[in-house]
Amino acid sequence: MNPMNYVVLSALLFTIGSLGVLVRRNAIVVFMSVELMLNAANLAFVSFARMNGNLDGQVVAFFVMVVAAAEVVVGLAIIVTIFRTRRSASIDEPNLLKY
Amino acid sequence: MAPLADTVTDVNTGEQVVFWVTAILAVAGALGMILSRKAVHSALWIALTMINLAILYIANSAPFLGMVQIIVYTGAVMMLFLFVLMVVGVDSSDSLIETIKGQRLAAILLGLGMGILLVWGIGNALVESPSVGLTAANEEFGGNVEGIANLIFTRYLLVFELTSALLITAAMGAMVLAHRDRWKPLPSQRDLSLARFRSGQHPGNLPNPGVYARHNAVDTPALLPDGGTSDISVPAPVRARGDERPLDRVDIDEVRQISEGESDLPEGSKE
């Protein structure tokens with residue numbers, strides 16, 4: 001086994017996350033799937049850092065975590081605001097915005 | 001920088017065991033997240049995935065990122081998700097009606113296609129690539145944390161500063177989005193007091209249960225000045241069950257006789 005297995009695992013997790021984004025309707029679950037995709041990318045960064053023998057990949061993964069935390073805060077606030085006006089967390093509902 | 005390793009792998013047997021156990025658990029958590037109907041179950045499944053990813057980071061000689069993963073993701077982000085789930089309603093589950101025909105099938109096919117493409121493509125392209133390992137890079141400044149700190153505060157300093165702007169903007173954005181204008185002015189203490197008296201209900205504490213020589217439990221009604229009993233002195237559940245203790249009139253009659261001087265008690269005890 002070589003560290004490529006980590007990258008393959010991260011590709012697998014990324015695929016599952018993108019499937020979740022496409023299939024699920026609950027906005028919060030869609031959001032969790034996006035988080036999973038970010039985490040999969042982080043795993044790839046960390047294992048590439050190890051394969052290349054320098055720490056840059058880990059620093060990038062760290063910044064990805066920061067961005068993900070900010071994104072979660074704003075995204076969840078948007079979900080709560082939409083839920084307040086529409087009484088629903090389904091992502092099919094806000095398409096009424098276009099009418 | 002670091003010398004190339006002799007072999008393409010620097011993974012020992014212990015790490016292999018850790019990898020296979022945590023990889024299976026992480027994939028199981030991810031699948032559980034997209035397959036469970038309830039959002040709370042999804043949150044718990046993805047928390048499992050995050051913890052296993054933290055273990056994988058540590059196995060990849062990134063102990064700092066592993067700890068940050070546990071603190072930030074499982075500690076903060078997932079708890080934030082659970083808070084929002086509590087606000088939005090725990091039992092909100094997905095509707096099964098497809099608004100776009102064939103969307104689910106197409107999504108599954110595309111997802112499988114992408115998975116095969118990524119795994120097969122990356123696997124074939126990089127499977128022979130050597131792994132240098134981070135031992136040298138970690139020891140350059142005395143440890144993993146020191147190495148990352150060195151990079152953050154030299155090469156990535158501008159990114160780091162921009163990160164602080166991003167975090168402040170995100171906090172402001174969350175406050176603005178979650179803020180709700182008040183429709184009515186905040187009621188003052190005087191308003192609350194007036195409303196309490198206007199409501200017609202008992203404004204203060206309800207009367208205590210009766211205290212007698214032989215009984216003072218909550219099921220004993222208190223005496224009113226006219227000799228009757230007060231219903232509201234007994235808690236409503238006790239009343240509803242019919243457990244109210246009937247008043248022992250003997251006590252009261254004795255007291256009345258004594259006070260009115262017509263007691264038939266023995267002569268010796270009267271003085």
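Modeller: First, axes: they are lines fitted to C-alpha atoms, for helices over the stretch in contact, and angles run from 0 to 180 degrees between N-to-C directions. Helices are DSSP runs of H or I with at least four residues, numbered from the N terminus. This is a predicted model, where local features need pLDDT of at least 70, side-chain atom pairs count only at pLDDT 80 or more, and totals for chains, interfaces and linings use all residues. Residues are numbered from 1 along each chain as its sequence is written, and chains are lettered from A in the order in which they are written.

Biologist: Why are helix 2 of chain A and helix 3 of chain A called roughly antiparallel?

Modeller: Their axes cross at roughly 175° and come within 8 Å. Angles over 145 degrees count as roughly antiparallel, under 35 as roughly parallel, 65 to 115 as roughly perpendicular and the rest as oblique. Helix 2 of chain A and helix 3 of chain A are therefore roughly antiparallel.

Biologist: Which residues meet there, including those of helix 2 of chain A?

Modeller: Among them are Phe31(A), Leu38(A) and Phe45(A) in helix 2, and Val60(A), Val64(A) and Ile79(A) in helix 3. Contact means C-beta atoms, placed from the backbone, within 7 Å. By class, this contact has 15 nonpolar, five polar and two charged residues. Ala, Val, Leu, Ile, Met, Phe, Trp, Tyr, Cys and Pro count as nonpolar, Asp, Glu, Lys and Arg as charged, and the others, Gly among them, as polar.

Biologist: What makes helix 3 of chain A roughly perpendicular to helix 6 of chain B?

Modeller: The axes of helix 3 of chain A and helix 6 of chain B cross at roughly 75° and come within 9 Å. That angle makes the two helices roughly perpendicular. Asp56(A), Gln58(A), Val59(A) and Phe62(A) face Ile148(B), Leu151(B) and Ile152(B) in this contact.

Biologist: How many residues does each chain give to the contact between chains?

Modeller: Chain A gives 65 residues and chain B gives 75. On the side of chain A, helix 3 supplies the largest share, 21 residues.

Biologist: What makes a set of residues a nonpolar core?

Modeller: Buried Ala, Val, Leu, Ile, Met, Phe, Trp, Tyr and Cys residues must be joined through C-beta atoms within 7 Å. Buried means 20 or more other C-beta atoms within 10 Å of the residue's own; exposed means 12 or fewer, and partly exposed lies in between. The largest such core has 73 residues, with Ile28(A), Met32(A) and Ile46(B) having the most contacts inside it. Helix 2 of chain A supplies the largest share, 15 residues.

Biologist: Which residues does Met32(A) touch?

Modeller: Met33(B), Ser42(B), Ala43(B), Ile46(B) and Phe81(B), not counting residues up to four places away in sequence.

Terms used: Two residues are in contact if their C-beta atoms, placed from the backbone, lie within 7 Å.
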